[in-house]
Amino acid sequence: MGFHSLEQICGLCREQKKSFYQVILEDDMKERDVTQEASHRKMNQMWQAMQEAAREYDPRLKSASGLSGSDGGLAAAYYASKDSLCGSFMGEVVTTAIQMAESNACMRRIVAAPTAGSCGVLPAVLIPCRKRFGLSDRQICEALYVAAGLGQVIASRAFIAGATGGCQAEIGSASAMAAGALAYLRGGGAEAICDACAIALKALMGLVCDPVAGLVEVPCVKRNVIGAVNAMTAADQALAGIHSFIPADQVIDAMREVGEKMDASLRETGLGGLAATPKGQTVRL
Amino acid sequence: MNIFEILGPVMVGPSSSHTAGAVRIGNITRKILGETPVWAEILLHGSFAATGSGHGTDRALLAGLLGMEPDDGRIPRSEEEARAAGLAWKFIPGQLRDAHPNTAVLTVRAADGRTVKVQASSLGGGRIMVNQIDGIRVDFTGEKPTLIVQNEDKPGVLAAITYALSAQDVNIATLQLYRNQKGGYAFTIAETDSDISEEVLSQLREMKGVLQVIRIASEEEG
């Protein structure tokens, strides 16, 4: 019933000669007492909902506070017409992340992954990769099991809410989950998945949760971008054979320790960091 | 946490605690009343009061009272939907003692004049906890099928409940008893592993001392 360590998952992969995806799938079947088909059907619903949310982005929308909206349209136009620094593929990642996070701020339907505030990270890497590498829905769903399994261990050993662990727990966790999913999709085994997860989480460790006026908008929308881009570079490092010196479980434990030491003003209270800047203070509801 | 608490829920943004959780609080209040209310007075406490309007907490609570689920695309315009459905409402900011930061107290009235007062908290990730019904402390999430029996605080009610459930082969997962005072009113709350049949409900409603029987079906799991 859920895993408490990535080492435990990797051990099962080795002993039973199963993929990371299979181990998580079988655990879900046991945990929720469902068939493989029922489990996959539900995962596919999540994936379809992510794609639908991306398709339905409306650049004319503004959030209730007026802080979010329309940047997704600017990004799309820029990457389509200019010789951008990141290129068209990474441009699509950036654009999807902004659009999904803006949709969330504007009360559209999204998939919390692991939270609503970090909902842009996974779709931002999966949707462009599906197109570029010609992946099937089935393959993407398998990768989502990998992501969910990583998230489960992070939630069990540390936290996935900004209010308890800062933004590292939300965007950091989403990024680590996405990095593992990407490593899996590009042929990485359990070890590469854990390395990708560890590298992504380390890169965002310490990130505080300092939303202006306490709203999931500034800086949350743009932090979805760094979560997605960081997942891509972390997965590429792991696939190149680069290892994380600190094992993934210990990275998660360190993230917990950092989160616990974080001052309350930096944990989704809207009191510190960017929220406390003069400009941030001008936003009142 | 199962993997669909990590990936999911599918929900209308922007916040799983302030929006999705708020929809669930409204929805479970409606289930406790047994129908869509015609009047609702909603007290918002803590972070719900401070950042609720920017997170759509008000619209989310109304949407739930209308029977919507957290993924319903109509949540942003639930105020219009409420007016169309004949639901009038009022929000008041408030201070509760010893309450979770994301807490709401909903006093709702049905068309026939019955009222119920529900205090519930949004715990994060869209998960909720009902803390009080009509001022009596309770603790349940609504994640499992739930049977709520309000009765006079007399011997025999609990035995009747467990007998009725076991006769239908329904396994009780958790069981809680609360009362306002000895010999006063009591709530018995059973969370079960499978759905509770209409037969159990009518059997319990006929019992002497039973004032009210409420069944809350678990949310549909795909």
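Chain A has 285 residues, and a compact globule of that length would have a radius of gyration near 19 Å; the chain comes to 18 Å, which agrees. This is a predicted model. The predictor assigns the complex an ipTM of 0.95 and a pTM of 0.91.

**Chain A**

The C-alpha atoms of chain A fill a box of roughly 55 × 45 × 35 Å along the principal axes. Of its 285 residues, 55% count as buried. Taking contacts in chain A with a separation of 6 or more, 77% join residues 24 or more positions apart.

The secondary structure of chain A is 13 helices and one strand. Read from the N terminus, the order is α-α-α-α-α-β-α-α-α-α-α-α-α-α.

Chain B has an average pLDDT of 92, and 98% of its residues score at least 70. Within chain B, helix α3 (residues 47-55) has the lowest confidence, with a mean of 85. The highest belongs to helix α5 (residues 78-85) of chain B, at 98.

**Chain B: the four-stranded sheet**

Four strands of chain B form an open sheet in the order β9-β10-β8-β11, with antiparallel pairing. Strands β9 (172-179) and β11 (210-216) of chain B stand at the edges; each has a single partner strand, so one side of each lacks a neighbour in the sheet. On average, neighbouring strands of this sheet are turned by 15° against each other, direction ignored.

One pairing can be followed down to residues. β9(B) pairs with strand β10 (residues 185-192) of chain B in the antiparallel sense, over seven bridges. B:L177 has B:T188 in β10(B) as its bridge partner. In general, strands of a sheet pair through backbone hydrogen bonds, either parallel or antiparallel.

A helix accompanies the sheet. Helix α7 (residues 198-205) of chain B lies across β8 (146-152) and β11 of chain B. Its direction is at about 165° to β11(B).

| Element | Residues |
|---|---|
| β8 (chain B) | residues 146-152 |
| β9 (chain B) | residues 172-179 |
| β10 (chain B) | residues 185-192 |
| α7 (chain B) | residues 198-205 |
| β11 (chain B) | residues 210-216 |

Conventions: Residues are numbered from 1 along each chain as its sequence is written. Chains are lettered from A and ligands numbered from 1 in the order in which they are written. This is a predicted model: local features need pLDDT of at least 70, side-chain atom pairs count only at pLDDT 80 or more; totals for chains, interfaces and linings use all residues. pLDDT is the predictor's confidence in each residue, from 0 to 100. Helices (H or I, at least four residues) and strands (E, at least two) are DSSP runs, numbered from the N terminus. Two strands pair if DSSP finds at least two bridges between them. Axes are lines fitted to C-alpha atoms, for helices over the stretch in contact, and angles run from 0 to 180 degrees between N-to-C directions. Two residues are in contact if their C-beta atoms, placed from the backbone, lie within 7 Å. The radius of gyration is taken over C-alpha atoms; the globule rule is 2.2 Å times the number of residues to the power 0.38. A residue is buried if 20 or more other C-beta atoms lie within 10 Å of its own, exposed if 12 or fewer, and partly exposed in between; C-beta atoms are placed from the backbone.
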